[in-house]
Amino acid sequence: MSGLESLYQELILDHSKRPHGKGLGTEGDADGARVATSFQRNPICGDEITLRVRLSDDGRTIDEVTWDGAGCSISQASASMLAALVEEEGRMPRAEASALIEGFREALRSRGEIALDEEVFGDAAALSGVSKFTARVKCAMLAWVAFEDATARA
């Protein structure tokens, strides 16, 4: 294993052990903002996630992503990395969120041909290597599919 692969593996394990954004809170805490929740399950391995998106009052930006779930370290780390990415951004425009989801999906479906840019995807770039293992792609995509669904519902 190369040094970079080892570093990425450590990053995935760190996010799965100390997740960002884990814990849904209560929907009533939204203070008038738009809130939507999405439940997704990977029927192949049993990973599950419930992800909540809180949008600004005008619905133009994503203010917060929280989640809860159970599953493998890849699915849990991916949810944590997504929440951290939104948190780092502060308020993320919905159009930017859509572009991130599409870019993530494209890279994970590329079978290793497209790497995620660390400057754009932050820690989630560590999941680039997952694209070489088709059985694990759904694990990494689970939170991002829930994010896409919840954002569309909000």
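Buried here means under 20% relative accessible area, and Phe 121 falls on that side of the cut-off because its relative accessible area is 8%. Keep in mind that this is a predicted model.

**The aromatic cluster**

Let's start with the rings. There are three aromatic pairs in the structure. Two of them involve Phe 121, and they look like this:

| Pair | Centre to centre | Angle between planes | Geometry |
|---|---|---|---|
| Phe 104 and Phe 121 | 6.3 Å | 45° | tilted |
| Phe 121 and Trp 144 | 6.4 Å | 55° | tilted |

What do these ring pairs link into a cluster? Phe 104, Phe 121 and Trp 144.

Phe 104 sits in helix H3 and Phe 121 in helix H4, so their pair links distant parts of the chain, 17 residues apart. Trp 144 belongs to helix H5 (residues 134-153), so its pair with Phe 121 in helix H4 ties together parts that are 23 residues apart in sequence.

Is Phe 104 buried or exposed? Phe 104 counts as buried, because its relative accessibility is 0%. Trp 144 is buried too, as is Phe 121.

**Over to the loop**

Now for Arg 111, which is found in the loop between helix H3 (94-108) and helix H4 (118-121). Its phi is near 55°, which is a positive value in a residue other than glycine. Arg 111 has 60% relative accessibility, so it counts as exposed; the cut-off for that is over 50%. Phe 121, by contrast, is buried at 8%.

How values were computed:
Residues are numbered from 1 along each chain as its sequence is written. This is a predicted model: local features need pLDDT of at least 70, side-chain atom pairs count only at pLDDT 80 or more; totals for chains, interfaces and linings use all residues. Side-chain values use heavy atoms; hydrogens and water are left out. Helices (H or I, at least four residues) and strands (E, at least two) are DSSP runs, numbered from the N terminus. Buried means under 20% relative accessible area, exposed over 50%, partly exposed in between (1.4 Å probe, protein chains only). Rings of Phe, Tyr and Trp (its six-membered ring) pair if their centres lie within 6.5 Å; planes under 30 degrees apart count as stacked, over 60 as edge-to-face and the rest as tilted.
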